[in-house]
Amino acid sequence: MSKLKSICVYCGHKEGDSPIYVNSAEKLGRDIADKDIKLIYGGGALGLMGRVASTARDNGADVFGVIPEFLVEVEGILEGTDHRIVKNMHERKMIMFEQADAICTMPGGIGTLEEIIEILSWARLDLHRKPIVLLNLENFWSPLVELIDHIIERGFAAPELRKDLILVDRAEDVIPAAQKALDDLSCDAEESEEFEERI
């Protein structure tokens with residue numbers, strides 16, 4: 001079985017309109033630290049991004065932020081964390097992806113939406129098999145899930161697209177869900193190797 005060593009968290013640079021978003025970001029940050037998992041995130045100090053990262057940092061987690069030059073003055077850089085300043089958004093997203101064993105998407109804005117869509121697209125193109133956990137707090141992402149179901153129903157995507165998403169409703173379920181998905185992938189790989197050896 002593969003231990004979850006790092007997780008990339010996509011989330012907003014704002015805090016949203018409900019306390020559950022901030023509380024859940026802080027809960028996720030604590031869980032990441034408690035499980036000795038490295039947090040990979042967008043590098044900013046504001047909003048849910050800043051909350052999950054600062055909480056993970058304050059509880060002893062290794063935190064790695066990636067932020068493009070033009071956002072440094074806008075979002076700031078969280079002190080006491082390892083970070084890398086890059087030239088553009090494409091470089092930022094690629095580094096975050098490469099550094100992570102799994103992906104978690106919390107509520108966020110259009111940038112967060114773009115990130116989850118891109119990572120799903122990469123999965124459908126067989127570019128990765130990393131677990132993709134969608135933290136659906138108060139049904140925040142339910143319209144997206146309904147849209148994905150609609151796309152599948154209308155014949156523009158395979159049913160596997162829906163299976164690529166692991167939906168959870170609570171922050172405390174994120175790490176167990178990601179770890180279980182990694183375990184399942186490890187078992188599938190082992191079974192595949194055994195089958196290849198038999199033939």
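pLDDT is the predictor's confidence in each residue, on a scale from 0 to 100. The structure is a predicted model, in which local features need pLDDT of at least 70 and side-chain atom pairs count only at pLDDT 80 or more, while totals for chains, interfaces and linings use all residues. Residues are numbered from 1 along each chain as its sequence is written, and side-chain values use heavy atoms, with hydrogens and water left out. The protein chain has an average pLDDT of 93, and 93% of the residues score at least 70. Over residues 190–199 the pLDDT stays under 50, and for this stretch the model has 1 contact beyond four places in sequence; contact here means heavy atoms within 4.5 Å.

Secondary structure was assigned from DSSP runs, with helices (H or I) of at least four residues and strands (E) of at least two, numbered from the N terminus. An open sheet is formed by 7 strands in the order β4-β3-β2-β1-β5-β6-β7, with parallel pairing; two strands pair if DSSP finds at least two bridges between them. From one strand to the next, the twist averages 20 degrees. Axes are lines fitted to C-alpha atoms, for helices over the stretch in contact, and angles run from 0 to 180 degrees between N-to-C directions.

Strand β1 (residues 6–10) pairs with strand β2 (residues 38–41) in the parallel sense over 3 bridges, and K38 in β2 is the bridge partner of S6. Helix α2 (residues 47–58) packs on the sheet, where it touches β2 and β3 (63–68), and its direction makes about 160 degrees with that of β2. Parallel pairing over 3 bridges also links β2 and β3, with V63 of β3 as the bridge partner of L39.

Burial was assigned from relative accessible area (buried under 20%, exposed over 50%, partly exposed in between; 1.4 Å probe, protein chains only). In β3, 6 of the 6 residues are buried, so this strand is largely enclosed by the rest of the structure. In a regular strand the side chains alternate between the two faces of the sheet. Both faces of β3 are covered, with V63, G65 and I67 buried on one side and F64, V66 and P68 buried on the other. Apart from neighbours within four places in sequence, H83 is in contact with F64, G65 and I77. H83 and R57 are separated by 26 residues in sequence and by 12 Å in space, C-alpha to C-alpha.

M49 belongs to helix α2 and is buried, with a relative accessible area of 6%. Residues up to four places away in sequence not counted, M49 touches C11, G12, H13, Y41, G42, G43, G44, E75 and R92. One of these, G12, is 37 residues from M49 in sequence and 6.1 Å from it in space, C-alpha to C-alpha. E75, in helix α3 (residues 69–75), is also buried, with a relative accessible area of 7%. With the same exclusion of residues up to four places away in sequence, E75 touches H13, G44, A45, L46, M49, I67 and R92.

Helix α5 (residues 110–124) has 15 residues and reaches 21 Å from its first C-alpha to its last, close to the 21 Å expected at 1.5 Å a residue; the expected span is 1.5 Å times one less than the number of residues. The buried residues of α5 are T112, E115, I116, I119, L120, W122 and A123. They cover an arc of only 160 degrees around the axis, which puts them on the same side of α5; the arc is that of the directions from the helix axis to the C-beta atoms.

After α5 comes D126, in the loop between α5 and β6 (132–135). Although D126 is not a glycine, its phi is positive, at about 60 degrees. D126 counts as exposed, at 67% relative accessibility. A positive phi of about 60 degrees is also found at N139, likewise not a glycine, in the loop between β6 and α6 (142–153).
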